[in-house]
Amino acid sequence: MTTKSIQQPEPGFVHGLFLYLLVFTLWMLLVGNLDTAEMAAGVVVALIVTLASRPHLSILAGLIISPSALLPLLRYLGTFIVALVQANLDMARRVLSPSLPLQPAVVEVETKLKSSLGRLILANSITLTPGTLTVDVQDQVLLVHWVDAPPGSDRVSTTKAITSKFEQHLKGFVL
Amino acid sequence: MRLIADLFLVVGAAFTLFGAIGLIRMPDVYNRIQAGTKAVTLGSLCLLIGIALLYPAWWSKLLVIGVLILITNPLGSSTIARALLKAGVKPWSKASVSQPGEADR
Amino acid sequence: MTLTLLEIVALGLLGAAVLLSLLRLILGPTAPDRVVAADTLAVITTSGLVIIAALLGSPLYLDVALIYGTLAFVGVVAIARTIEGNG
């Protein structure tokens, strides 16, 4: 899914710290209690995992780690949950209606997100939103299978319809 | 509390069933992926919320399972779809919808 | 634990979903259709394992669900890579 032809941002110390906290949080969630011994083990394990995944840290480099990224993240999550529920109601309606209303086509959409992480999150969001499924990512262009593509739509209109609502929030916390 | 949990369970199971019906009714493999992925993802999340309301002590592990499903399911589906397109499986088309890049027959 | 009517309905719906996915897995008609059905079935199984944990009141099955979900994802990616390679 990742492409290498676009210059990717370099990961910094904050990204390592972020990964460490993420792994530690995951450890604590899996353990499910706040024992001191478990926490101590988590501190060590998270450190080992973080150090071991240093070669792959560049995946996280697109992440903007600052307090100002929090609000876009929350807005994005809100948009995403609404879209997920809409997608399911839409899919249920299509599946249950006897005539099976479909007009599928593979369309192209554009993204301004530069980092592979940003495009990964965008692609995943598209897959879970009404009637669309990301098929491939080629640099700035995403191939999307659309269940109900309006005839004669071009790249500009599909981009507006599919990606813009996510991208406006996504660009606040990912490059 | 139990009633709310049960409602989440029923809604979750219903969405999962819709996904499975889509898997049967949809005309081609790409549409089947769509129906399968979306409905089953939300269905599973609703089921997990329902279980979390029944067993509040399990919330942390259920959260991890939910995030796992939320990330891996669309990713897996996109991976399959990409592989199919690269292997030359053409998407089904009802009429002459313009298909940039891909001829539909 | 004793089940309420709604919970029995939910179990029934889930069972029907598993049967329909199995039907697609058996019918095919092409290999990709079976892969998609297997993928869907894997996710249903993951939440099914969570429900088994709840039915038996044993959180041990949550770990099983977690590992199963992870392995199913790896399996799907591996199969997808195989399809890609054959194309």
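## Interface of chains C and B

About 4000 Å² is buried between chain C and chain B, and carbon and sulfur atoms give 78% of that area. The model is predicted. Chain C brings 48 residues to this contact and chain B brings 44 residues. On the chain C side, the residues that lose the most area to chain B are C:Arg24, C:Phe73 and C:Glu84, which together account for 14% of what that side buries.

The rule finds 3 salt bridges across the interface of chain C and chain B. C:Asp33 forms a salt bridge with B:Arg32, and their closest N and O atoms are 2.3 Å apart.

## Helices H1 and H2 of chain C

Helix H1 of chain C covers residues 5–27 and helix H2 of chain C covers residues 31–56. Their axes come within 9 Å and cross at roughly 155°. An angle over 145 degrees counts as roughly antiparallel, so H1(C) is roughly antiparallel to H2(C). The crossing of H1(C) past H2(C) is left-handed.

From H1(C), the contact is made by C:Leu11, C:Leu14, C:Ala17, C:Val18, C:Ser21, C:Leu22, C:Arg24, C:Leu25, C:Ile26 and C:Leu27. The residues on the H2(C) side are C:Asp33, C:Arg34, C:Ala37, C:Ala38, C:Thr40, C:Leu41, C:Ile44, C:Ile51 and C:Leu55. By class, this contact has 14 nonpolar, 2 polar and 3 charged residues.

## Helices H1 and H2 of chain B

In chain B, helix H1 spans residues 2–25 and helix H2 spans residues 29–54. The two axes come within 7 Å and cross at roughly 165°. H1(B) and H2(B) are therefore roughly antiparallel to each other. H1(B) passes H2(B) in a left-handed crossing. The contact between these helices divides into 19 nonpolar, 8 polar and 2 charged residues.

## Chain A and its helix H3

Chain A has 6 helices and 3 strands. Along the sequence these elements follow the pattern α-α-α-β-α-β-β-α-α. Taken along the principal axes, the C-alpha atoms of chain A fill a box of roughly 60 × 40 × 25 Å.

Helix H3 of chain A runs over residues 70–96 and holds both A:Arg94 and A:Asp90. These two residues lie 4 residues apart, about one turn of the helix. Their side chains meet in a salt bridge, at 3.2 Å from N to O. Over all chains, the structure holds 6 salt bridges.

## Packing of H3(A) against H1(B)

H3(A) packs against H1(B) at an angle of about 50°, and the axes are 9 Å apart. The two helices are therefore oblique to each other. This crossing, too, is left-handed.

A:Asn88, A:Leu89, A:Ala92, A:Val95 and A:Leu96 make the contact from H3(A). H1(B) contributes B:Phe15, B:Phe18, B:Ile21, B:Gly22 and B:Arg25. The residues of this contact divide into 7 nonpolar, 2 polar and 1 charged.

Key:
Residues are numbered from 1 along each chain as its sequence is written. Chains are lettered from A and ligands numbered from 1 in the order in which they are written. This is a predicted model: local features need pLDDT of at least 70, side-chain atom pairs count only at pLDDT 80 or more; totals for chains, interfaces and linings use all residues. Side-chain values use heavy atoms; hydrogens and water are left out. Axes are lines fitted to C-alpha atoms, for helices over the stretch in contact, and angles run from 0 to 180 degrees between N-to-C directions. Angles under 35 degrees count as roughly parallel, over 145 as roughly antiparallel, 65 to 115 as roughly perpendicular and the rest as oblique. A crossing is left-handed if the near helix is turned anticlockwise from the far one by less than a right angle, and right-handed if clockwise. Contact means heavy atoms within 4.5 Å. Ala, Val, Leu, Ile, Met, Phe, Trp, Tyr, Cys and Pro count as nonpolar, Asp, Glu, Lys and Arg as charged, and the others, Gly among them, as polar. Buried area is the accessible area (1.4 Å probe) that two parts lose on being put together, summed over both. A salt bridge is a side-chain nitrogen of Lys or Arg within 4 Å of a carboxyl oxygen of Asp or Glu.
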